[in-house]
Amino acid sequence: IQDMGEANEYHRSTESDEKHDVAILPNTLLHGIVKKHRDDANSAHHQCVDTLGDGLMVNAMSDDGVVEGFEWKNKTDKAFFLAVQWHPERMYKLNIQHSTLSKNIRKYFIDVIRQSKTGKQ
């Protein structure tokens, strides 16, 4: 959805990011990374996923039913792929920089890069 319009009060940013709760779905890569079922995320978007593409699955939802993240359904023999609507790099603006949705994703991403360069798991 290119613009959620008036239905977007929960996610719309005014002068800075908004903060809201996100449910992390079990049995997902994201859940394995953050090791939580819920956490605070920042929000500043007016777009959202309507229909996921083939081979993808939802990994996070906001309380108003908006898809907040997705990933490969079958991760076997696929490159690392983790999509989220929030901005882990901007969590410090809401003083939630220690959130697992920020630090754990960053660490996991860096580890994946290191592994791809060294070939070590």
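Colour by secondary structure and trace the chain from the N terminus: the elements come in the order β-α-β-β-β-β-α.

Two notes before we go on. This is a predicted model, in which local features need pLDDT of at least 70 and side-chain atom pairs count only at pLDDT 80 or more, while totals for chains, interfaces and linings use all residues. Residues are numbered from 1 along each chain as its sequence is written, and side-chain values use heavy atoms, with hydrogens and water left out.

**Stop 1: the whole chain**

Show the surface. A residue is called buried under 20% relative accessible area, exposed over 50% and partly exposed in between, using a 1.4 Å probe and protein chains only. Buried residues make up 36% of the 121 residues in the chain. A contact means heavy atoms within 4.5 Å. Of the contacts in the chain with a separation of 6 or more, 54% are between residues 24 or more positions apart.

**Stop 2: the sheet**

Now select the strands. In what order do the five strands lie in the sheet? The order is β2-β1-β3-β4-β5, in an open sheet with antiparallel pairing. Because β2 and β5 stand at the edges with a single partner strand each, one side of each has no neighbour in the sheet. Neighbouring strands of this sheet are turned by 30° against each other on average, with direction ignored. (Axes are lines fitted to C-alpha atoms, for helices over the stretch in contact, and angles run from 0 to 180 degrees between N-to-C directions.)

Two strands count as paired if DSSP finds at least two bridges between them. Zoom in on β1 and β2: six bridges join these antiparallel strands. Select Val-22 and look across to Asp-39 in β2, its bridge partner. On to β3, residues 56–62, which pairs with β1 in the antiparallel sense over three bridges. Here, Ile-24 has Ala-60 of β3 as its bridge partner.

**Stop 3: helix α2**

Select residues 100–118, which form helix α2. The expected span of a helix is 1.5 Å times one less than its number of residues.

Which residues of α2 are buried? Show Thr-100, Leu-101, Ser-102 and Ile-105: these are buried. The buried residues of α2 pack against β1 (18–24), α1 (29–34), β2 (38–43) and β5 (82–84). Just after the helix, click on Gly-119, which takes a positive phi of about 80°.

**Stop 4**

Rings of Phe, Tyr and Trp (its six-membered ring) pair if their centres lie within 6.5 Å; planes under 30 degrees apart are stacked, over 60 edge-to-face, and the rest tilted. A search of the whole structure finds four aromatic pairs. In one of them, Phe-70 and Phe-81 are tilted, 5.9 Å centre to centre with 55° between the planes. Phe-70 lies in strand β4 (residues 67–72) and Phe-81 in the loop between β4 and β5, so the pair ties together parts that are eleven residues apart in sequence. The rings of Trp-72 and Phe-81 also make a tilted pair, with centres 5.3 Å apart and planes at 50°.

Buried or exposed? Phe-70 counts as buried because its relative accessibility is 19%. Phe-81, at 28%, counts as partly exposed, and so does Trp-72, at 25%.

**Stop 5: loop residues**

Finish in the loops. Asn-27, in the loop between β1 and α1, has a positive phi of about 60° although it is not a glycine. Asn-27 is exposed, at 75% relative accessibility. Lys-35 lies in the loop between α1 and β2, and its phi is near 55°.

Methods:
Helices (H or I, at least four residues) and strands (E, at least two) are DSSP runs, numbered from the N terminus.
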